[in-house]
Amino acid sequence: MLLRDYAMVMSHDAATGYLTRSHVVADWTITQGADLIGQLDCGSRSFDYRPYYDADKDKVLAHHGGIKVDIEMGDAIDDVLSWSTKNPDELVMFYINSCDGDEGCMAATKAVVDSKNIYSISDCSSLGTLTVDDIMQNSQVSDPANGGHVFALYDCVAGEYDSTINCYSKDFTCYDARPKDTSQVPWEHMISYAVNTTAVDKNHGESYTPWMLQAHWQSTAASITSGTLHRSSLLIDEEKSEMNKWAAESIAANKFPTLSIVEVDNVCNHGNDIYNAIKEWNANMAKN
């Protein structure tokens with residue numbers, strides 16, 4: 001099985017799990033309610049990881065948009081390696097993208113990854129022949145006696161981003177809210193996006209690259225304003241709308257003819273349900 005055909009749960013903006021909720025900006029920045037170890041325990045097996053390079057301190061941190069996450073990437077990798085050695089049969093991926101900060105971000109990021117002896121893939125064309133078994137073999141962590149498989153993928157993913165998949169507008173919310181339940185409208189948008197994205201004949205760009213089903217609400221200035229008036233946040237939106245529950249049930253019911261990366265917010269809400277549904281999906285794909 002090629003990586004493109006191997007479904008994985010991905011934590012959207014994974015490093016934000018190290019942030020604390022302290023102000024309204026954080027409400028619309030934090031996509032995860034736990035650190036990387038917590039996210040792994042909750043079912044995530046891949047991280048949307050966005051490095052930020054601080055040249056003055058020569059440190060690679062993380063970011064979500066304009067918000068810096070003050071966790072050194074090397075420490076985050078150590079957390080994952082620690083978990084991985086205790087879970088030797090699991091494959092874990094860092095999807096490294098959207099490098100930001102000072103000049104030299106990508107070079108500094110690769111230096112951190114290499115210093116941890118992490119197997120990495122930056123030549124997207126190699127994904128045309130690399131199988132998941134190949135990646136499992138190459139990504140064995142530095143302590144083979146304890147097992148564990150971790151690798152880094154630089155870009156090489158078709159994002160399938162749709163900015164119109166919003167929880168809020170002036171006319172609707174994505175969950176039942178007083179005085180009227182208007183959630184049907186955004187859910188019709190979400191389901192249409194999911195059906196189109198997972199269609200058999202969907203063109204996801206290069207045929208060998210993984211692609212995303214972004215199973216989470218997107219944010220705009222208008223939707224954030226409306227969400228703030230509802231005293232909500234990204235985490236609360238996921239909980240109230242039951243997005244992750246819907247994703248798990250839809251995958252288990254084989255409603256999507258194809259899958260690759262399933263990216264979610266708030267993975268600690270029904271994340272293991274998604275993981276179990278995806279595990280069954282992969283088992284069925286391997287038989288075929």
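Predicted model: local features only at pLDDT ≥ 70, side-chain atom pairs only at ≥ 80, totals over all residues.
Colleague: Start with the seven strands. In which order do they form the sheet?

Modeller: The order is β8-β9-β6-β2-β1-β11-β10. The sheet is open, and the pairing is parallel.

Colleague: Which strands stand at the edges, each with a single partner strand?

Modeller: Here they are β8 (119–121) and β10 (212–214). Each has a single partner strand, so one side of each is left without a neighbour in the sheet. From one strand to the next, the twist averages 25°.

Colleague: Over how many bridges do β2 and β6 pair?

Modeller: Four bridges, in the parallel sense. Strand β2 covers residues 46–49, and strand β6 covers residues 91–96. Within this pair, Phe47 stands opposite Phe94 in β6.

Colleague: Which strands does helix α3 touch as it packs on the sheet?

Modeller: Helix α3 (residues 73–85) touches β2, β6 and β9. Its direction makes about 165° with that of β6. Helix α4 (residues 105–115) also packs on this sheet, touching β6, β8 and β9. The direction of α4 makes about 165° with that of β9.

Colleague: Now a single residue. Is His149 buried or exposed?

Modeller: The cut-off for buried is under 20% relative accessible area. His149 has 10%, so it is buried. His149 lies in strand β9 (residues 149–154). Leaving out residues up to four places away in sequence, His149 touches several residues, among them Ser84, Leu91 and Met136.

Colleague: On to the sheet of four strands. What is its order, and what is the pairing?

Modeller: The order is β5-β4-β3-β7, in an open sheet with mixed pairing. At the edges stand β5 (67–69) and β7 (100–101). Each has a single partner strand, so one side of each lacks a neighbour in the sheet. Strands β3 (residues 51–54) and β4 (residues 59–64) pair in the antiparallel sense over four bridges. There, Asp54 stands opposite Lys59 in β4. On this sheet α4 packs too, touching β3, β4 and β7. Its direction makes about 105° with that of β3.

Colleague: Last, helix α7. Which residues are buried?

Modeller: In α7 (residues 221–229), Ser223, Ser226 and Gly227 are buried. Seen down the axis of α7, the buried residues fall within an arc of 100°, so they line one face of the helix. On the other side of α7, Ala221 and Leu229 are exposed.

Colleague: What follows α7?

Modeller: Arg231 follows, and its phi is positive, near 55°.

Definitions and conventions. Residues numbered from 1 in each chain as written. Heavy atoms only, no water. Helix = DSSP H or I, 4+ residues; strand = E, 2+ residues; numbered from the N terminus. Buried < 20%, exposed > 50% of the residue type's maximum accessible area, 1.4 Å probe, protein only. Contact = heavy atoms within 4.5 Å. Pairing = 2+ DSSP bridges. Axes fitted to C-alpha atoms, helices over the stretch in contact; angles between N-to-C directions. Arc of directions from axis to C-beta.
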